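User: I have a structure open and some quick things to ask. Can you walk me through parts of it?

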Amino acid sequence: MKAKRESKESNRTRILEIEKILENPVSLVPDCIDKSMFCPLDGYRKKLSGGKDIEKFSKSKDEFLRGLAETRKAISDSELSFSAIIKTPHGTATFFKKGDTDQYVLAGIQNSSNDVFRMLAFSKDVLTGKLVLYSAGQYYVGTCRNSPPGREFIGEALRREHTEFTVDEDGVHRTGNGEIGTSLYISGMEAVRIGTSSHFNTPSRIMKHMLFQSHENIFTFRCESMEKSASRQEREIFSSYLSGGLTDSQFIDSIYRKRLASAIEDGSFIIGNRQFQNLEEFTEQIEMPQDEKGAFLQVMNDRKGIYLQEGSRRKLLDAIWHDRGRDFLHALFPDIADSEIPSMKGNPVEIIDRIRESREISGIEKSFGFVPWSEASSFAAKSAVNMRMGKEVITDLSTRDNDILSVEYAFDLLSGSHANKAWKIPDDAKVKASKILPYIQKMVKADITEAREAFNELKKFIR
């Protein structure tokens, strides 16, 4: 506690304010929600009723009553020139002192116009667990049985802290929005719903207008997301949150991540905020080919869970690919060789689709009777099938094989895309391309019998 010299004018103003308070000291006492027989607040009201001389309380063992008497004695001193200064978590308060009353109690009595400082008048009763106080604007009440405040207190406290909020249809206040959120409870009452878009600390703004012994018996929370995976460790996170160490969004994110990790470890399957204990039910939420669903179920042979932000084929495959990609491909394509897998590039969807397409093309090749005898003939067969299916023929001209270049250029001639590539093709490959072009046309446009005969005729021109 420090002291500072006050001007006569300042002292006179403060003394007049305090004298007005002491004219009706019962006005300092808030109503009690509980109306208990042993409520300290009701006891003070009885002792102060009837206009009793408060100086009689100068030897009282009760800090509040003695504080009233000490305040009267202090402002009656004609030579009063100093005021005491005390720092609180919510600002600095000044008061006059003329005895041994607790400084916080004196500060509360003499600053009753401040809806935060006025609660300090009963700080001794709060510290002993006899009271909890709620003070915001005109709303000033106490409880001796840890009863919750009225919801109007929540709104007034948030307004005074310049906090944006809305009120849901059921009367509960809301700060922030988002798919994931939490509810803050005060003595069992749902006080405010908090969303992840809130980046301040809602509890601290409400607690500024409360005085209590310990938050453990007053504040609780509920986060509906993955409640089955809640753990005792959340108490430490919540305690840090109430102490102002986390913003609303950080608290919600910490709880969600903790539960998510626990749920996955326990074998839960999660899409967004929905949790599935049954793997088949989880899989049915995802649009993907049935054979891929079957392969997925086949490789999920342990109890470790999976989390997906959204239920898509791509997200599911990405989630399992690092650990189970090879097993998944073997389950989906039983005849695939291990040597094919490491060379495959791209994301899982691209790899699977490429294998499917390759098998589809191979199937059509067989149905047409295309039996390749070399790399160039294999390229011709696949390119013809691609064109028949309306797909683009992929060429890169990176090879030095003259036969392959001839086949590539023949398909470019057929599709009309040869002009930009002609300068890259050797003359002898161009000549051969013009010779095989009629056969390439039949492989692409004729019926199965003619296409097969045309393919076999290529043996006359390419190795």
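User: What stands opposite Phe269 in β15?
Analyst: Ile306 does. Keep in mind that this is a predicted model.

User: Which way do β13 and β15 pair, and over how many bridges?
Analyst: They pair in the parallel sense, over three bridges. Strand β13 covers residues 269–271.

User: What sheet are they in?
Analyst: An open sheet of three strands, in the order β14-β13-β15. Its pairing is mixed. β14 (274–276) and β15 (306–308) are the edge strands, and each pairs on one side only. On average, neighbouring strands here are turned by 15° against each other, direction ignored.

User: New topic. Is β5 enclosed or open?
Analyst: Largely enclosed by the rest of the structure, because five of its five residues are buried. The strand runs over residues 132–136.

User: Which residues are on each side of β5?
Analyst: Val132, Tyr134 and Ala136 are on one side. Leu133 and Ser135 are on the other. They are all buried, and both faces of the strand are covered.

User: What does β5 pair with?
Analyst: One partner is β6 (residues 139–143), antiparallel, over five bridges. Ala136 has Tyr139 as its bridge partner in β6. Another partner is β11 (residues 210–211), also in the antiparallel sense, over two bridges. There, Tyr134 stands opposite Met210.

User: How many residues are between β5 and β6 in the hairpin?
Analyst: Two. Gly137 is in the turn, and it has a positive phi of about 65°.

User: Now the five-strand sheet. What is the order?
Analyst: β7-β8-β10-β9-β12. This sheet is open, with mixed pairing. At the edges are β7 (166–167) and β12, each pairing on one side only.

User: How do β8 and β10 run?
Analyst: Parallel, joined by three bridges. β8 is residues 173–175 and β10 is residues 189–195. Arg174 stands opposite Arg193 in β10.

User: Which helix packs on that sheet?
Analyst: α8. It touches β9 (181–186), β10 and β12. Its direction makes about 120° with that of β12.

User: Let's do aromatics. How many aromatic pairs are there?
Analyst: The count is 18. One of them is Phe221 with Phe251, which is edge-to-face. Their centres are 5.1 Å apart, with 80° between the planes.

User: Where do those two sit in the chain?
Analyst: Phe221 is in strand β12 (residues 219–222), and Phe251 is in helix α9 (residues 248–265). They are 30 residues apart, and the pair links distant parts of the chain.

User: Is Phe251 buried or exposed?
Analyst: Buried, because its relative accessible area is 1%, and buried means under 20%.

User: What about Phe238 with Phe251?
Analyst: That aromatic pair is tilted, at 5.9 Å centre to centre and 45° between the planes. Phe238 lies in helix α8 (residues 234–242) and Phe251 in α9, so the pair ties together parts that are 13 residues apart in sequence. Phe238 counts as buried too, at 8% relative accessibility.

User: Which residues make up that aromatic cluster?
Analyst: Phe221, Phe238, Tyr241 and Phe251 form one cluster.

User: Which charged ends sit over rings?
Analyst: Arg118 puts its charged end over the ring of Tyr140, 4.3 Å from the centre. Arg205 does this over Phe200, at 4.1 Å.

User: And the largest nonpolar core, how many residues?
Analyst: It has 38 residues. Among those with the most contacts inside it are Phe153, Ile186 and Phe251. Helix α9 gives the most to this core, with seven residues. Apart from it lies another core of 31 residues, including Val29, Tyr44, Ile109 and Phe122.

User: What does Ile186 contact, leaving aside its neighbours within four places in sequence?
Analyst: Its contacts include Tyr134, Pro148, Ile206, Met210 and Phe219.

User: Last one. Where is Ser358?
Analyst: In helix α13, residues 348–368. Ser358 is partly exposed, with a relative accessible area of 33%.

User: How far is Ser358 from Glu310 in space?
Analyst: 29 Å, C-alpha to C-alpha. In sequence, Ser358 and Glu310 are 48 residues apart.

How values were computed. Residues are numbered from 1 along each chain as its sequence is written. This is a predicted model: local features need pLDDT of at least 70, side-chain atom pairs count only at pLDDT 80 or more; totals for chains, interfaces and linings use all residues. Side-chain values use heavy atoms; hydrogens and water are left out. Rings of Phe, Tyr and Trp (its six-membered ring) pair if their centres lie within 6.5 Å; planes under 30 degrees apart count as stacked, over 60 as edge-to-face and the rest as tilted. Helices (H or I, at least four residues) and strands (E, at least two) are DSSP runs, numbered from the N terminus. Buried means under 20% relative accessible area, exposed over 50%, partly exposed in between (1.4 Å probe, protein chains only). A charge sits over a ring if NZ of Lys or CZ of Arg is within 6 Å of the ring centre and within 35 degrees of the ring normal. A nonpolar core is a set of buried Ala, Val, Leu, Ile, Met, Phe, Trp, Tyr and Cys residues joined through side-chain atoms within 4.5 Å. Contact means heavy atoms within 4.5 Å. Two strands pair if DSSP finds at least two bridges between them. Axes are lines fitted to C-alpha atoms, for helices over the stretch in contact, and angles run from 0 to 180 degrees between N-to-C directions.
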